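Dear colleague,

Please find the structure below, handed over for your study.

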Amino acid sequence: MSIWGKVAVAGVYEHPRRYAPDKTAYQLHAESARGALADAGLEIGDVDGLFTSGVGPIGILSLAQHLNLRPDYLDSQAIGGSSFVSHCLHAAAAIEAGLCSVALVTYGSTAASERFAIGTGGGGVGDPADHFETPFGPTIVGAYALCAQRHMHEYGTTSEQLAEIAVTMRKHAMLNPHAKYRDPITVDDVLASRMISSPLHLLDCCMISDGGGALVLTSSERARDLRKPVAVILGGAEAVRHHGIGTRDLLDVAARQSGPLAMARAGVSHADIDLCMVYDSYTITVLLTLEALGFCGPGEGGAFCGGGRLALGGDLPTNTDGGGLSSNHPGMRGIFLVIEAVRQLRGERGAAQVDGAEIALVHGTGGMLGQRHSGVTLVLGKA
Amino acid sequence: MSEPRRPLPRIDEETRGYWEAVVRHELFVQECGACRVRRFPPRAVCPACLSSSTTWIRASGRGTVYSFTVTHQNQAPGFRERLPYVLAVVELEEGVRLMTNLVGCAPDAVRIGMAVEVEWEDVTPEVTLPLFRPRP
C-alpha cells in the first residue's frame with residue numbers, strides 16, 4: 001500500500017518578519033500556526049498531529065503547552081535544517097496510517113535578534129566525533145568550505161560559478177517584498193565581499209534572520225474540500241551521510257540517496273521537475289545538492305548552475321523566494337522550502353511565478369555537508 | 001594560563017588509548033581484530049562487523065592534504081587570536097582522514113595533495129593535539 005499522492009499540504013504560512021526583537025520564538029511558532037490554519041480553512045481544534053523541532057530539549061512538549069494542544073501524534077524529528085521537510089514525510093505516513101488526520105508543522109526562531117553566531121560558530125553537537133574536530137576550530141561555514149575546496153580541486157569549479165548562484169538567488173529576492181536583501185548584486189560583488197572561510201565569501205553564505213513558518217497537512221481527499229488549491233506529496237525519502245569508518249568523502253551528499261528514491265516513489269524523472277527548492281545555506285550547497293540529485297553529472301554542477309539555468313525563466317528555476325542567501329534564514333530553513341514550493345504549485349507567486357508549475361522538488365539539508373548531515377527530498381505535485 | 005586555549009577533547013573509555021598515545025607523540029588508528037577494517041576516530045565496537053576485538057596500528061604520521069579552508073572568522077576564544085588559521089582534512093598513509101590544523105606554512109601556500117607530517121602541540125599535561133606541517 002502506497003502513501004504517495006494520498007496526503008497534501010493544505011495550508012502554508014511564512015512569517016513576514018525578518019527581524020523581530022519584539023517577539024519570542026514561541027510567538028513566531030504560534031503566529032505561524034494561526035496563519036497556516038487560516039490558509040487551510042481549519043481551526044486549531046482540528047489539529048491532532050504536531051510536528052516541530054528546535055524549541056529546546058523537550059521542545060515539542062513546550063510547544064504543545066504553549067498552543068494548548070493535546071495531539072494524538074507527536075514527532076520532533078530533529079535532523080537540522082531539513083527537519084521540517086522530514087516532518088512532512090512523516091506526517092504523510094502518519095496521516096495515511098490513520099495515526100492523525102490534521103498535522104501541524106511549525107517553526108519559529110529569533111536567531112538574528114539574539115545575535116546568535118550560527119555559521120561562524122563551532123557547530124559541535126556533543127557527539128563522540130566532536131572531540132576529534134572541535135579542538136581544531138571547525139565552523140559550520142568551514143565544513144562547507146572544505147567541500148567547496150575539494151570540488152574545485154577535483155573538477156575545476158570556480159568562485160565565479162559559485163558567485164553566480166548567489167546572484168541568481170538575489171534576483172529572485174528582488175521579486176519578494178519580504179526578502180531581507182533586495183539590492184541587486186553582481187558576481188564581482190560576491191568575489192569582493194570579505195572571505196569568511198576560503199573559498200567562501202560573505203555573499204556565498206546565507207544570512208541570519210528571525211522568522212517563522214507553518215504547514216498544515218491532511219489527506220488529499222479532505223484537502224480538496226478546503227480553501228486553497230491542493231499540493232500533493234507525490235514521493236519522498238530521507239538519508240544520512242557521515243564519516244563512516246573515517247574515510248570521509250566530502251563530496252558524498254545525502255541527496256544522492258534520498259533524491260533518486262523520492263523521485264522513483266513519485267514516478268517522476270528529472271525532466272518532469274518544474275522547479276526546485278533546495279537548501280542554500282551556502283552557494284556550494286546548491287551546487288552539490290543539484291549534482292547529487294542527478295540534475296547533472298558529478299563535477300558538472302559549476303557549469304550547470306550558470307547561464308541563468310536556475311533563474312526564473314531558466315530550465316530549472318530554483319529557490320524562487322530568494323532562498324537563505326537573500327530572503328530569510330533563521331537557522332533551520334527547511335520549512336520555507338516547502339512553503340514556497342506549495343505557493344508555486346498554487347500559482348500564487350505573481351512576478352516570481354514559474355509558468356505552468358505542476359511538479360516541484362524540495363530538498364532539505366540538515367547538519368553540515370561533508371560532516372554528519374541529513375538530506376530529505378520531497379516531490380510535490382499540483383492536484 | 002593567560003593565553004586563551006582551544007577547546008580540549010573529552011577523553012572517555014573509548015578514546016583514552018588514542019589520547020594517551022598522542023601525549024607520547026605517537027599517532028594510532030584502530031583496526032578490527034576480526035574483519036581488519038581500519039577506523040577513525042576510535043570506538044570500542046567495529047562499525048563494519050560489530051566485533052569488540054581491536055588492534056591499535058601505529059601510524060607513520062605522514063599524509064596528504066585532502067581538503068582545507070583558511071578560516072577568517074571565528075570569534076570563539078582560542079581561535080579568534082589565531083585568525084586566519086588553516087582547518088584541514090588530512091589523509092593518513094594508513095587510509096583514514098582526520099580533521100586537523102596545518103601549521104608551519106603560509107595559509108596561501110596550502111594546496112590539496114600537499115605532503116604533510118604530524119607536528120605535536122602539547123596543550124596540557126594530559127592533552128596533546130596532532131597538527132600537521134608541510135613535509136620536506
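Strand β1 (residues 28–32) of chain B pairs with β3(B) in the antiparallel sense, over five bridges. Within this pairing, Gln30(B) has Trp56(B) of β3(B) as its bridge partner. Please bear in mind throughout that this is a predicted model.

The two strands belong to an open sheet of three strands in chain B, with the order β2-β1-β3 and antiparallel pairing. Its edge strands are β2 and β3 (54–58) of chain B, each of which pairs on one side only.

**Chain B as a whole**

Chain B contains one helix and eight strands. Along the sequence, these elements follow the pattern α-β-β-β-β-β-β-β-β.

How does the radius of gyration of chain B relate to that of a compact globule? For 136 residues, a compact globule would have a radius of gyration near 14 Å; chain B has 16 Å, which agrees. Along the principal axes, the C-alpha atoms of chain B fill a box of roughly 45 × 35 × 25 Å.

Of the 136 residues of chain B, 32% count as buried. When contacts in chain B between residues at least 6 apart in sequence are considered, 52% of them join residues at least 24 apart.

**The two domains of chain B**

Chain B is divided into domain 1 (12–58) and domain 2 (60–136). The C-alpha centres of domain 1 and domain 2 of chain B lie 21 Å apart. The contact between them takes nine residues from domain 1 of chain B and 12 residues from domain 2 of chain B.

Which element gives the largest share of the side of domain 1 of chain B that touches domain 2 of chain B? Helix α1 (residues 16–23) of chain B does, with three residues. By class, this side of domain 1 of chain B has seven nonpolar, one polar and one charged residues.

**The contact with chain A**

The contact between the two chains takes 38 residues from chain B and 29 residues from chain A. On the side of chain B that touches chain A, the elements that give two or more residues are β2 (38–39), β4 (62–71), β5 (85–92) and β6 (97–102) of chain B. By class, that side of chain B has 20 nonpolar, 11 polar and seven charged residues.

Yours sincerely,

A colleague

How values were computed. Residues numbered from 1 in each chain as written. Chains lettered and ligands numbered in written order. Predicted model: local features only at pLDDT ≥ 70, side-chain atom pairs only at ≥ 80, totals over all residues. Helix = DSSP H or I, 4+ residues; strand = E, 2+ residues; numbered from the N terminus. Rg over C-alpha atoms; globule rule 2.2 N^0.38 Å. Buried ≥ 20, exposed ≤ 12 C-beta atoms within 10 Å, placed from the backbone. Contact = placed C-beta atoms within 7 Å. Nonpolar A, V, L, I, M, F, W, Y, C, P; charged D, E, K, R; others polar. Domains from an automatic or database assignment. Pairing = 2+ DSSP bridges.
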